[in-house]
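Let's take a walk through this one, starting at a pocket and ending at a sheet. Have the viewer open and follow along.

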Amino acid sequence: MLRQMLMTNPDWVRGDAELLSHIAGAPDGVADLGRVVRDRLLGEVRQLRQRERAFAHAARENLALLARAQSFVLSLIECADLDEMDYKLAWEAPTALGVDCVRLYLEGATPMIVSEAIHACAVGLTDELLGDENDFTGACSDRTGRTLYGKDVGSHALCRVAVGDRLGLLALAAREADMFHSGQGTEILNFVARAVEKRLGQWMTTD
């Protein structure tokens with residue numbers, strides 16, 4: 001019974017340095033509880049190291065993504081017109097933001113006759129997809145994927161934009177179902193959305 005209690009609660013031994021030292025020097029033929037404790041400690045250390053490496057890797061990826069997003073936003077400032085902005089959103093933004101597709105929708109507006117990324121949409125679409133929220137990250141239904149991106153996607157991120165009195169959406173899509181998920185940070189998404197919003201406002205009126 002004592003052995004079972006110690007096997008179940010090895011912290012009792014680990015918390016007593018004198019007892020742990022005594023058990024570690026147990027002679028042959030005596031149950032080496034010290035080894036059990038040491039093995040558990042080694043396992044915990046390995047797990048902590050793995051978590052540390054995972055955190056470091058995630059931090060490096062986030063910093064790299066932020067740097068690319070900042071560079072992309074700076075490039076938007078240099079856009080000469082809507083055509084150039086449309087091109088950057090369609091072809092440069094996906095690489096900069098690490099996604100497969102980027103679209104910008106404006107309610108009740110037709111800013112360009114021919115475009116690749118900037119499109120008009122029905123009034124009310126923003127509220128239908130976001131409700132009272134400013135942004136969304138998570139799974140994308142097949143119907144929504146085909147409506148926004150013209151194809152099925154695994155997950156997406158949406159952010160509300162406003163140009164004057166006109167609402168719209170900045171939409172980012174990825175093939176991977178776990179690329180965007182509920183509770184994910186949206187700081188970079190909002191940073192890009194605000195830059196797009198401000199730049200777009202220089203070329204559009206809400207007449």
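Start with the largest pocket, where helix 4 (33-77) and helix 8 (187-201) each supply at least two residues of the lining. Helices here are DSSP runs of H or I with at least four residues, strands are E runs of at least two, and both are numbered from the N terminus. Helix 4 is the top contributor, giving five residues. In total 20 residues line this pocket, and Leu-65, Leu-97, Phe-180, Gln-184 and Ile-188 lie nearest its centre. A pocket is an open set of points on a 1 Å grid over the protein atoms alone, where a 1.4 Å probe fits, with protein on both sides within 12 Å along at least five of seven lines; lining residues have an atom within 4 Å of a point. The space inside comes to about 490 Å³, counted as what is filled by probe spheres set on the points, which are joined across faces, edges and corners. Sorted by class, the lining has eleven nonpolar, six polar and three charged residues; Ala, Val, Leu, Ile, Met, Phe, Trp, Tyr, Cys and Pro count as nonpolar, Asp, Glu, Lys and Arg as charged, and the others, Gly among them, as polar.

A word on the model: it is predicted, with local features needing pLDDT of at least 70 and side-chain atom pairs pLDDT 80 or more, while totals for chains, interfaces and linings use all residues. Residues are numbered from 1 along each chain as its sequence is written, and side-chain values use heavy atoms, leaving out hydrogens and water.

Now for helix 8 again: helix 5 packs with it at about 170°, the axes 12 Å apart. Axes are lines fitted to C-alpha atoms, for helices over the stretch in contact, and angles run from 0 to 180 degrees between N-to-C directions. So helix 5 is roughly antiparallel to helix 8 (that label covers angles over 145 degrees).

Finally, the sheet is open, with five strands in the order 2-1-5-4-3 and mixed pairing (strands pair if DSSP finds at least two bridges between them). Strand 2 (118-121) and strand 3 (135-139) each have a single partner strand, so one side of each lacks a neighbour in the sheet. Strand 1 (residues 101-107) pairs with strand 2 in the parallel sense over four bridges, and Glu-107 has Cys-121 of strand 2 as its bridge partner.

How values were computed
Parallel < 35°, antiparallel > 145°, perpendicular 65-115°, else oblique.
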